[in-house]
Amino acid sequence: MFTARQRVILRQIVSPPYIYRWAGLVTTIGLMVGVTVVVLADVGAPTVVAAGANPAVSSAPAGIRARTVEDAPAFGMPGEARPAITPSLLSVTSTTTDRPTVALTFDDGPSTFTPQVLDILAEHRIRATFCMIGNQAVAEPAMVQRVVAGGHRLCDHTFTHDATVGSVDEGLMSTQLGRSHQSLATVVNPPVSVDYFRAPEGKWSPQLDHVAAATGMRPLGWSVDTLDWTQPGVASIVQAVQRSVHPGAVILFHDGGGPREQTVEALRQVIPWLQDQGYEFTFPT
């Protein structure tokens with residue numbers, strides 16, 4: 001098949017040092033092809049970051065993967081703001097007053113930090129919305145009672161902070177929301193109204209919107225994410241509000257889910273600043 005001369009040349013090619021050069025060349029070509037495929041797959045690829053009737057879409061810069069909610073779990077590392085809110089969710093307050101309004105909302109409580117948040121709100125005579133986790137509310141009925149007695153509103157945040165609730169079948173979804181809604185409403189006596197539902201990690205779906213409404217709760221989103229759950233520092237939390245607040249904003253804080261000393265201190269600074277800007281505090285509508 002090969003001549004004597006060709007066999008000599010072939011043995012030289014597959015013998016050191018030539019074989020190492022060929023291996024290096026093939027490896028380099030393989031790496032270049034792999035990188036090219038990854039880059040081309042990511043360029044301009046829209047990533048859905050919130051589900052709903054009209055999902056919000058984020059386009060990543062060329063060659064950089066757009067961040068999704070999986071990059072920002074409830075106890076994750078600092079990152080970009082969590083998913084934008086779809087138009088089907090409440091993410092603005094009433095605009096019927098003469099002065100601009102904002103709504104303060106607090107997730108993942110009740111916890112040992114909730115009393116400090118309530119003290120600050122009471123000091124400034126502000127009412128807010130507390131998105132509570134059902135099993136934590138059941139364990140702290142007196143804290144739920146204090147929230148209600150302070151004129152604040154309750155929001156269902158599932159029974160166990162279950163971020164998969166929006167992806168199960170509608171029957172199971174209805175059962176889960178019914179359980180969490182009932183546990184939160186009846187943990188105090190007499191039972192109270194649970195006005196809103198907020199999906200953990202912002203993982204909404206059209207079915208979840210529908211089931212929440214059928215359970216008697218309005219889907220509640222947000223328009224300003226402080227990222228306080230990442231514990232970025234008090235100054236960063238304050239700046240997040242100052243940079244992004246707008247008339248009608250729904251601001252997302254956390255009074256549970258981890259250490260919240262930074263949130264408490266930031267709240268002490270943010271509220272007077274918002275008042276100086278002329279904002280009034282109300283509920284999402």
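Tutor: Start with His161. In this predicted model, His161 has a relative accessible area of 16%. The cut-off for buried is under 20%, so His161 counts as buried. Its backbone stands out too: phi of His161 is near 60°, positive although the residue is not glycine. His161 sits in the loop that joins strand E5 (153–156) to H6.

Glu201 makes a second case. Its phi is also positive, near 60°, again in a residue other than glycine. Glu201 has 12% relative accessibility, so it is buried. Its loop runs between E6 and helix H7 (206–214).

Now the cis peptide bonds. One links Asn189 to Pro190, with omega near 5°. Pro190 belongs to the loop between helix H6 (170–186) and strand E6 (194–197). Another cis bond goes from Gly109 to Pro110, with omega near -5°. Pro110 lies in the loop between E3 and H3. That loop brings us to the helix.

Take the faces of H3. Its buried residues are Thr114, Val117, Leu118, Ile120 and Leu121. They span an arc of only 160° around the axis, so they lie on the same side of H3. An α-helix has 3.6 residues a turn, so positions three or four places apart point the same way. On the other side of H3, Ala122 and Glu123 are exposed.

What covers the buried face? The cover over the buried residues of H3 includes strand E3 (101–109), strand E4 (129–132), helix H5 (141–149) and H9.

Two packed helices are described by the angle and the distance between their axes. The axes of H3 (residues 114–123) and H9 (residues 261–276) come within 10 Å and cross at roughly 10°. Angles under 35 degrees count as roughly parallel, so H3 is roughly parallel to H9. On the H3 side, Gln116, Val117, Ile120 and Leu121 make the contact. H9 contributes Val264, Leu267, Arg268 and Ile271. By type, the contact of H3 with H9 has six nonpolar residues, one polar and one charged.

Arg125 follows H3, and its phi is positive, near 55°.

Definitions and conventions: Residues are numbered from 1 along each chain as its sequence is written. This is a predicted model: local features need pLDDT of at least 70, side-chain atom pairs count only at pLDDT 80 or more; totals for chains, interfaces and linings use all residues. Side-chain values use heavy atoms; hydrogens and water are left out. Axes are lines fitted to C-alpha atoms, for helices over the stretch in contact, and angles run from 0 to 180 degrees between N-to-C directions. Helices (H or I, at least four residues) and strands (E, at least two) are DSSP runs, numbered from the N terminus. Angles under 35 degrees count as roughly parallel, over 145 as roughly antiparallel, 65 to 115 as roughly perpendicular and the rest as oblique. Contact means heavy atoms within 4.5 Å. Ala, Val, Leu, Ile, Met, Phe, Trp, Tyr, Cys and Pro count as nonpolar, Asp, Glu, Lys and Arg as charged, and the others, Gly among them, as polar. Buried means under 20% relative accessible area, exposed over 50%, partly exposed in between (1.4 Å probe, protein chains only). The arc is that of the directions from the helix axis to the C-beta atoms.
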